[in-house]
Amino acid sequence: MGRGYARHSRVQHRAADYGMPLLGRALDEVVLPEEGAPFRAADLGVAAGTNSLDPLRAVVEGIRRRTGEDTPVTVVHTDIPANDFNAMFTTIMGAPGSYAHLPQVFAHAEARSFYEPLFPPAELHLAWSAIAVHWLSRVPEPVPGHIYSSRAAGGTRRALREQSRADWEAFLTHRARELRPGGQLVVLGGGRADDGSGGADGLMDAADAVLADLVRQGLVTPGEYARMTIPTWNRTREEFLAPLGAGPLSGVLRVEECDLVVLPDVLLEQLRASGDVHDFAGQVTAFFQAAFQPSLFSALDPGRGPGGVDALAEAFAAGMRSRVAADPEAVETHWHVVPLRIARA
């Protein structure tokens, strides 16, 4: 994630709120450790750690309501090696009221993709992942003429869908091995409706138009733009459920809850209340840059140097702020989320 992700992840935090009731029910039903043994939980896709504080405190408090205050709890936060784990630990260990301040709680980290094995067999009692599994392990091919997967068509769209299918099956296969019998998995996944809409197309079209302007200005080369694709795929409920209803996972993992939630546009609601269009444009731009700019700028030619990349980031931000301020309604965003609670048989 980009700089400032912790400050500009209100949307992700709002989405995670929809998973808290599922997490509460998972904690009521999860198999407990033997007396004196630790409860082991995983936070899959931690990013900056800001949005992990409330769920992991709920885990510690929920388990100790069932087992007593002396139960040790270990939490392993995972993300890809490029994640800023220094910032993550600063958040987890430094935030007032963090779960990590509670006695007999042990916070760790692992720098590895959750599409790979992360833990020994039957290691985990519970795993939590919020707004992370929409990221693909790789982009099979760039989206022609756009940066966003929902604008892909034909063979490119099929390739992205197939990559998403393979990644999701890998994620579930590894978690099925790592969870103990009676363990629980709670996932909030980026979703889309059956008609393909995911609620963010206007925002992505605006960002794509700004990049096209930068190409015309000579600030981004045509080759760089052609490689720019945000490596995500938001799944339908059917795509989330497919590997759990048939095949080798169907007898191992059991779907307890599944839904499709459409989130309100919290920033646009704030604009309608305040009328401050420039503040709105700044917040939308900061959110986009924190979440997606690193993926896009990874396509830049080598040799620009930090100063050149920073100058391009400023030019992109200025273009986004101008475009968003000119037509705020065009970037109205209603992210779709699929909350899932899955039990290990």
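**Entry 1: overall form.** I started with the radius of gyration of the protein chain, which is 21 Å; a compact globule of 345 residues would have a value near 20 Å, so the two agree. I note here that the model is a predicted one. Along the principal axes, I read a span of about 65 × 45 × 40 Å for the C-alpha trace. I then went through the secondary structure and found 11 helices and 8 strands in the protein chain.

**Entry 2: burial and surface.** I looked up how much of the chain is buried: 52% of the 345 residues. For the accessible surface I have about 14,500 Å², with 53% of this belonging to carbon and sulfur atoms. I also checked contacts between residues with a separation of 6 or more, and 83% of them join residues 24 or more positions apart.

**Entry 3: charges.** I noted 42 negative and 32 positive side chains in the protein chain. The centres of these two sets lie 3 Å apart.

**Entry 4: nonpolar cores.** I looked up the largest nonpolar core, which has 70 residues. Among the residues with the most contacts inside this core are Leu126, Trp128, Phe288 and Trp335. Helix H10, residues 277-297, gives the largest share of the core, with 9 residues. There is also a second, separate core of 25 residues, and I find Phe171, Leu185, Leu244 and Leu249 included in it.

I followed Leu126 further. Leaving out residues up to four places away in sequence, Leu126 touches Leu23, Ala26, Leu27, Phe39, Arg40, Ala41, Ala42, Val59, Leu179 and Gln184.

**Entry 5: Asp208.** I located Asp208 in helix H6, residues 201-216. Is Asp208 buried or exposed? Its relative accessibility is 9%, so I count Asp208 as buried, the cut-off being under 20%. Beyond neighbours within four places in sequence, Asp208 is in contact with Gly145, His146, Ile147 and Tyr225. Ile147 is also one of the residues with the most contacts inside the largest nonpolar core.

**Entry 6: Arg180.** I located Arg180 in strand E5, residues 179-191. At 28% relative accessibility, Arg180 counts as partly exposed. Not counting residues up to four places away in sequence, Arg180 touches Arg40, Ala122, Glu123, Leu124, His125 and Arg344. Arg40 is on the contact list of Leu126 as well. For a C-alpha distance I took Arg180 to Ala132: 23 Å in space, at 48 residues apart in sequence.

Note on methods. Residues numbered from 1 in each chain as written. Predicted model: local features only at pLDDT ≥ 70, side-chain atom pairs only at ≥ 80, totals over all residues. Heavy atoms only, no water. Helix = DSSP H or I, 4+ residues; strand = E, 2+ residues; numbered from the N terminus. Rg over C-alpha atoms; globule rule 2.2 N^0.38 Å. Buried < 20%, exposed > 50% of the residue type's maximum accessible area, 1.4 Å probe, protein only. Contact = heavy atoms within 4.5 Å. Areas by Shrake-Rupley, 256 points an atom, 1.4 Å probe, with all protein chains shown as cover. Lys, Arg positive; Asp, Glu negative; His and termini not counted. Charge placed at Lys NZ, Arg CZ, Asp CG, Glu CD. Core = buried A, V, L, I, M, F, W, Y, C linked by side-chain atoms within 4.5 Å.
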